[in-house]
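Reader: I have a structure open and would like to learn how to read it. Could you walk me through a few features?

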Amino acid sequence: MAFGSTWRSSGVTFSASWTNPNKITNRLVGWVARLPTRIQTKLLIAFLSIVGLLIVLGAVGLQVLSGVNDQTTELINLQRRIAAYRQVQHDTTNQLYGISTALLLQDDRMLDVALRQLNQFGYDLDRMEFVAESEAEVLGEVRQEYERVTAGVTHVAEFFRAGRTEEARKVQQAEIMPSADRLERLTNQLVNIAEADMVTAIETTEGAYGTSRLIVVSFAVGSILLALALGYIISWSLIEPVKKIETRLRQIAAGEFAQQVTVVNRDELGVLAGNVNQTSEQLGRLYQEVQARTAELARSVGELEALGEVSKAVNSTLDLDTVLQTIVAKAVQLSDTDAGTIYVFSSTRQQFRPRATYGMSDELIAAISDQAIGLNDPGIGDAARRRAPVQVPDLSEGTPSPAQKIVLDAGYRSVLVVPLLRPNKLVGALVVRRRKSGEFDQQIVHLLETFAAQSVLAIQNAKLFREIEEKGRELETASRHKSQFLANMSHELRTPLNSVLGFTELLVDGIYGELPDRAKTTVARVQANGRHLLGLINDVLDLSKIEAGQLTLALEDYSVGQIVRSTVTAVEPLARSKGLSLTATVAENLPLGRGDERRLTQVLLNLAGNAVKFTERGAIDIVADAVDGHFEITVRDTGPGIAPTDQGLIFDEFQQVDSSSTRQKGGTGLGLAISKRIVEMHGGTIGVESVPGSGSTFRMKIPIRVGEDVKAA
């Protein structure tokens with residue numbers, strides 16, 4: 001138990017020892033963060049504080065070094081004093097030894113030398129008294145003893161010179177020897193005093209060094225700790241809010257906009273945190289708006305896709321039931337309802353009957369179809385009379401009509417009816433049903449109005465398509481009758497016209513006698529106009545046969561070269577009369593073709609005849625060749641050319657490029673149309689390339705071998 005208590009108490013003490021500094025540090029960090037200054041100012045203060053600590057640390061170090069230098073100087077001075085005192089001790093011992101030797105030997109010369117040394121030592125004592133002022137008293141005693149010794153030695157020397165040896169010895173024993181002993185003790189005392197001072201100075205220096213070292217180390221450690229504390233406090237006053245802001249930004253990036261970042265700083269980081277919070281709020285609001293807008297756009301896209309499918313169904317098929325089925329299905333899906341019906345209104349019976357349904361059972365459809373729904377119906381009839389949508393939020397409220405009772409018994413609670421309207425006519429109604437009660441949103445109402453408009457359009461289009469189909473059949477019959485009539489009339493006109501031409505030819509040939517010149521001229525004109533009229537009748541007859549499907553090809557083997565030569569023979573006199581050059585180029589070794597030679601010659605005669613007719617000067621070239629299984633026959637002239645806008649019209653019936661020039665040259669605009677039909681009956685193509693003022697090139701391509709199954713175009 002004692003061990004456990006001790007452990008717990010020590011643990012509490014350990015925790016407290018760490019908790020309190022953390023609290024203090026947190027408080028300091030918070031205090032620095034709350035300073036209403038800029039981050040730059042805080043960092044500058046911290047850096048200046050560290051620089052100040054370094055300056056103070058340097059000053060303390062210099063002060064300590066100065067003290068150590070003073071102590072060292074004092075030790076050096078003491079060392080010098082000890083050396084000087086030892087030198088005095090040594091010199092004194094030598095002098096006393098020399099004096100003792102001179103007295104023992106009674107040598108005058110040696111005594112004189114000793115006296116000079118004693119006098120010289122007096123000067124050394126003067127210098128020492130000036131340097132070592134603290135031992136001036138001892139040095140004075142040394143001087144006194146030196147003076148006694150010097151006086152005694154002087155007396156002894158005088159006694160020796162006077163031969164008074166006994167007196168000299170008495171003086172030596174009575175004065176010199178005691179003074180010498182005292183002098184030796186005094187010099188030893190000087191050395192001992194200096195050594196004692198040296199020891200004291202060394203101890204003092206060691207103590208001062210230890211104290212200085214402790215001061216420097218303490219001040220350095222304190223400066224380092226203070227610098228670290230400042231760095232920690234400043235850095236955490238910046239790092240902690242930055243980390244909070246970073247965490248908040250990650251949350252914002254993850255789509256969390258409801259949180260707020262709390263930063264106590266009253267500097268740029270505090271402003272940044274406030275901006276982050278404001279940005280988060282704005283982004284949250286924008287995100288919600290974007291989500292709502294996205295949902296709305298998705299719904300709109302779904303509606304547009306549905307409308308597109310409905311429009312596609314309306315425009316791609318004539319089956320009204322298919323179109324209405326598509327419309328009611330999309331209307332139910334997009335309105336989030338459960339079932340729907342499109343009713344068509346019969347103006348004769350004044351009733352609505354279901355035409356298309358979705359989401360309903362066969363039994364329910366049969367039950368609704370058996371109900372006679374008129375304009376007095378409280379649901380569909382009301383919408384038709386008001387010409388506006390009508391909704392019943394809850395069918396169970398009030399008294400439902402028989403049709404509504406059937407729907408209510410089937411589990412449907414709410415109904416929306418949208419009338420199908422034309423400007424002055426009622427077409428029907430679009431009805432959607434929902435199993436839950438409640439009003440329909442206006443957006444759903446507007447959407448169903450759009451579907452109702454599509455339904456009206458589909459019904460109207462179906463009716464128009466039926467009418468067009470009927471009109472088309474009538475026109476086809478009329479066209480066939482017209483072609484048959486033209487074919488018959490052309491045949492009936494050509495027979496008497498051939499007789500007229502025959503009689504005029506007999507008259508011109510003089511079978512009935514010679515005619516006067518004026519009569520010949522008139523008959524020649526009748527003959528020319530008759531032939532022209534016969535050509536027109538033949539063209540109308542050919543076109544009528546083609547349109548009536550009565551023109552067939554007489555397929556046989558033919559030579560392209562022969563067709564070209566026949567054409568050149570026919571048009572060469574007219575070209576020569578106009579001064580035009582007519583050339584024909586047929587490739588060698590062309591294979592035999594299979595087709596209607598007479599009709600192909602007719603086409604080439606038409607192209608070459610037109611070239612000669614509309615060309616006033618220059619040349620006409622006819623070129624025939626075989627390319628990729630086709631005969632290619634080209635007629636090129638140097639005439640006035642054809643404008644690009646007219647090039648697509650010249651192959652249509654009764655179309656003339658230039659009415660004035662065509663009338664001058666003659667023609668009805670049927671030749672190229674017939675030529676195009678004949679070429680297409682052969683499975684080929686015909687086209688023109690022309691630049692106004694640079695002539696025209698007509699190119700005809702037909703298969704070399706035409707199949708037996710060709711029909712009229």
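**A buried residue and its surroundings**

Author: Let's start with Asn606, which is buried, at a relative accessible area of 17%; buried means under 20%, exposed over 50%, and partly exposed in between, using a 1.4 Å probe and protein chains only. This is a predicted model, where local features need pLDDT of at least 70, side-chain atom pairs count only at pLDDT 80 or more, and totals for chains, interfaces and linings use all residues. Residues are numbered from 1 along each chain as its sequence is written, and side-chain values use heavy atoms, leaving out hydrogens and water.

Reader: Which helix is Asn606 found in?

Author: Helices (H or I, at least four residues) and strands (E, at least two) are DSSP runs, numbered from the N terminus. Asn606 belongs to helix α14, residues 597-614.

Reader: What is Asn606 in contact with, leaving aside its neighbours within four places in sequence?

Author: Contact means heavy atoms within 4.5 Å. With those neighbours set aside, Asn606 touches Gly671, Leu672 and Ser675.

Reader: How do the strands β8 and β10 run, parallel or antiparallel?

Author: Two strands pair if DSSP finds at least two bridges between them. Strands β8 (residues 581-586) and β10 (residues 619-627) run parallel, joined by 6 bridges; Thr583 has Asp621 in β10 as its bridge partner. On β11 (residues 630-637), Arg636 stands opposite Asp621. β10 and β11 run antiparallel, with 8 bridges.

Reader: What lies between β10 and β11?

Author: The two strands form a hairpin with 2 residues between them, and Asp628 in the turn has a positive phi of about 55°.
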